[in-house]
Each structure stands twice: as structure tokens, then as C-alpha cells.
Amino acid sequence: MRKATPTTVVRTSMKRASVAGAPVARRAFTGVGCAAAVLVTVAACGTVQNLTAGQKVDNAVEQLGEQKSLAFGMRLDADPDDLVALMGEDSEEVPPEMAEFLTGLRVDVSVRSKKPLDKSGEKDITGMGMKIAGEDGVFAEYRLVGDYTYYRADMQAMGDAMGMPFPTADELDELPESEQHLRPLLEGDWVKVNTADLQEAAEDAGAGSGAGGSDELDAKTQKKILDAVRGVVAREVDFKTKNGEDGTEVITAKANFRDLLTGILDKLQPLKGDLPPGAELPTGEDVKDAPNKKVAVDFTLKNGDLTRIETDLAVLAEDAKGAKAPLVLTFGKAGDISAPKGASEIPVEEFGGPFGSGMFSV
């Protein structure tokens, strides 16, 4: 059998990370986007109690957009054994190491702007970053600052988590001269690539795969979607308020998962022609087997600010067997998004980490 070279092993590892990492990022943003889409419509809820609770959450979400600095984090606050139990028969395909990796995973996103975020354009953003970390530290991180995208990754930790050995120091010495510029990346140091070149590469890749047109929703279409969702939320979602600790207020939104999902999809079907190329809505047939269960989402507010969103994914399992799998989103101010010192520049064609060209399609 042919021995894998250090470059081959690393590139294969990075490709796997890219495939696994990009959907995680997309789901993170999509989940927050869907939550926001629901939240901004809650003012239509029927009773006085619902209207008051809905308005509080709505106002808190609007305040996020008024900030110039924002960070949100996502994690699955579950025990590895609970996660395996919830997977049922599928758990046989998931090694214990992967379950432990997933339950210890944290995704943190930060952004800073010269203007309030809801009024910011691309030129107003002064820094943006994403970090994926586990129990033992950071797996991968990127920052967009100025004209460059900065990236670093702990290849050893990523290889261990994915069950793929990483080259030793001696094997890295075997890199040919033409690939020595990759060594800082392979050793976990910061590297950088010109962002304009990276965007161009992403656009070329999209064109080559047959994708065309913009993948963004314009403001008019977003409004149509929110208007379509408004009536469904008013009809299907109940809100209750209770006081938490340290002066916090917890507002719980509860709805039947299948009814809510089916109702929203029915309202959105007439708008499918307005969606970006390649975007397809599920049909009623696709969601007929969705769990016919009540799902609760807790929104934590402190002094009117949204600080936390939490929901237990275990309730959607056929038989949770007492297991819990809380999905938690937290909100706060952005941390450091400065340009790392001493980053080595690498060619755009060599940049293929989890946040490579695919990050522009998140």
C-alpha cells in the first residue's frame, strides 16, 4: 500500500473538516436566522399575555441589531451517553469519541462594525471571526480583518477527533521544497490569504458547479417571508413568562413541532419562486413524519437584553429514554477580532480549511 505523504494526509483531513464544518456553520446561522424570523413576528400573537411576552422578545432581538459589536455562541449541552442513546440504532455508526467530540463542541461567532449591525454594509464591518473549540482548546479559527482572512487550526486535535492520524514532525520534514510554505498552517500557526482572491475563488467554484445568481435573500423577499410566518406564529405558538435568577426573565415559546412546521411551509410554498437559485423548500410530504410533539424554546432576557436561547432537542426523539440534549445559544459583546501578528501568507489555491471558500456561502 502506498504511504500517504504529510501533504496528502493533511489535505484529506482538511477536506473532511470542510465537509463537516461548513454544514455546522450554515446550521448555526440558519438556526439563528429562523429564530429571528419567528421573533420579529410575535407581536401578532392574540392574547394580552402573549402580546406582552412577544413584544419583549421582539424588542430584545431588535436591540441586537442596534449593537456595533455582537457575539453569539452555540453548543450542545448534552452528556455523550445521552447523545448516543438519542441516536438509537444510528449510534452504532458513531464511535464514542465522536459523541464526546460533538457534546464538547462550541461554535463562537463575533462581528464588529462602524455602524449598528442592522444598518451595516460590507464596507462598515471592521472585523468578523468564527472559532470552533472543544474541551481541550481551539480546533480551528478564522478572522476577517482588513484585506485578509486569517486562519489557524490544531491539525493534531482535529485528526484525533476524526480518527485520522496527523503527520509527525519528522514526516513534515519530508515536505518537498515547493510545499514548505504550508508548514506554518500544518503546525497550527496563523496564516493569511487575500480575501478578494478567496471570494473570487469561491465565485469561480460556484460557477463551475452550475450555480448562478445571488444566494442572498433581498429585503422584499425577507418581508414576504416574515408576513407569511406571522399568522402561523400567532395561531400555533403560546408564550409564558417567569422570573429567573439575578433579575432575569425567561419567556417560553411552546408549539406543536409538526403543526408549526407544516403551517409555515404551507405559507411559504407560494414564495418558492422568489428564493435564490438552488434553494428548495420541503413539501408537506417531506415533513409528514415530523414529530407530533410540543417543543419549548426558552428566551432569557436581562435588563431587556437577549442573553440566551435554549431548547431541548431530545423531545423530538421517538423515545428519549430520559436523555436530554439542550441546544444553547448565548449572546454578548464581540471579543478580540484583531489581525494576528506574524501570520504567513499562503496562495489562495492552498487555502482549504473548514472556513475556506465555503464560508462566503454561509
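**Aromatic pairs, a helix contact and selected residues**

1. In this predicted model, the count of aromatic pairs comes to three. One of them joins F72 and F331, with ring centres 6.4 Å apart and planes at 40°. Stacked pairs have planes under 30 degrees apart and edge-to-face pairs over 60, the rest being tilted; the pair of F72 and F331 is therefore tilted.

2. The two partners of this pair belong to separate strands: F72 is in strand β1 (residues 69-76), and F331 is in strand β11 (residues 326-332). The pair therefore ties together parts that are 259 residues apart in sequence. F72 and F331 are both buried.

3. A further aromatic pair is formed by F101 and F139. The distance here is 5.1 Å centre to centre, with 75° between the planes, and the pair is edge-to-face. F101 lies in helix α4 and F139 in strand β4 (residues 137-145), so this pair links parts that are 38 residues apart in sequence.

4. F139, at 14% relative accessibility, counts as buried.

5. Helix α4 (residues 96-103) also packs with helix α3 (residues 80-87), at an angle of about 115° and with the axes 8 Å apart. Because of that angle, α3 is roughly perpendicular to α4. The crossing in which α3 passes α4 is right-handed.

6. Which residues make the contact of α3 with α4? From α3 come P80, L83, V84 and M87, and these meet A99, E100, L102 and T103 of α4. By class, the contact comprises six nonpolar residues, one polar residue and one charged residue.

7. The chain as a whole has ten helices and twelve strands. Of its 362 residues, 39% are buried. Among contacts in the chain with a separation of 6 or more, 67% are between residues 24 or more positions apart.

8. L316 is placed in the loop between β10 (305-312) and β11. Its relative accessible area is 27%, so L316 is partly exposed. Neighbours within four places in sequence aside, L316 is in contact with F257, P291, K293 and V295. Of these contacts, P291 is 25 residues from L316 in sequence, and the two are 5.8 Å apart in space, C-alpha to C-alpha.

9. The phi of N303 is near 55°, a positive value in a residue other than glycine. This residue lies in the loop between β9 (294-302) and β10. With 70% relative accessibility, N303 counts as exposed.

10. Where is E345 placed, and which residues does E345 touch? E345 is in strand β12 (residues 344-345). Residues up to four places away in sequence not being counted, E345 touches Y148 and K192. E345 and L182 are 163 residues apart in sequence, while their C-alpha atoms are 9.5 Å apart in space. E345 is partly exposed, because its relative accessible area is 46%.

Technical notes
Residues are numbered from 1 along each chain as its sequence is written. This is a predicted model: local features need pLDDT of at least 70, side-chain atom pairs count only at pLDDT 80 or more; totals for chains, interfaces and linings use all residues. Side-chain values use heavy atoms; hydrogens and water are left out. Axes are lines fitted to C-alpha atoms, for helices over the stretch in contact, and angles run from 0 to 180 degrees between N-to-C directions. Helices (H or I, at least four residues) and strands (E, at least two) are DSSP runs, numbered from the N terminus. Angles under 35 degrees count as roughly parallel, over 145 as roughly antiparallel, 65 to 115 as roughly perpendicular and the rest as oblique. A crossing is left-handed if the near helix is turned anticlockwise from the far one by less than a right angle, and right-handed if clockwise. Contact means heavy atoms within 4.5 Å. Ala, Val, Leu, Ile, Met, Phe, Trp, Tyr, Cys and Pro count as nonpolar, Asp, Glu, Lys and Arg as charged, and the others, Gly among them, as polar. Rings of Phe, Tyr and Trp (its six-membered ring) pair if their centres lie within 6.5 Å; planes under 30 degrees apart count as stacked, over 60 as edge-to-face and the rest as tilted. Buried means under 20% relative accessible area, exposed over 50%, partly exposed in between (1.4 Å probe, protein chains only).
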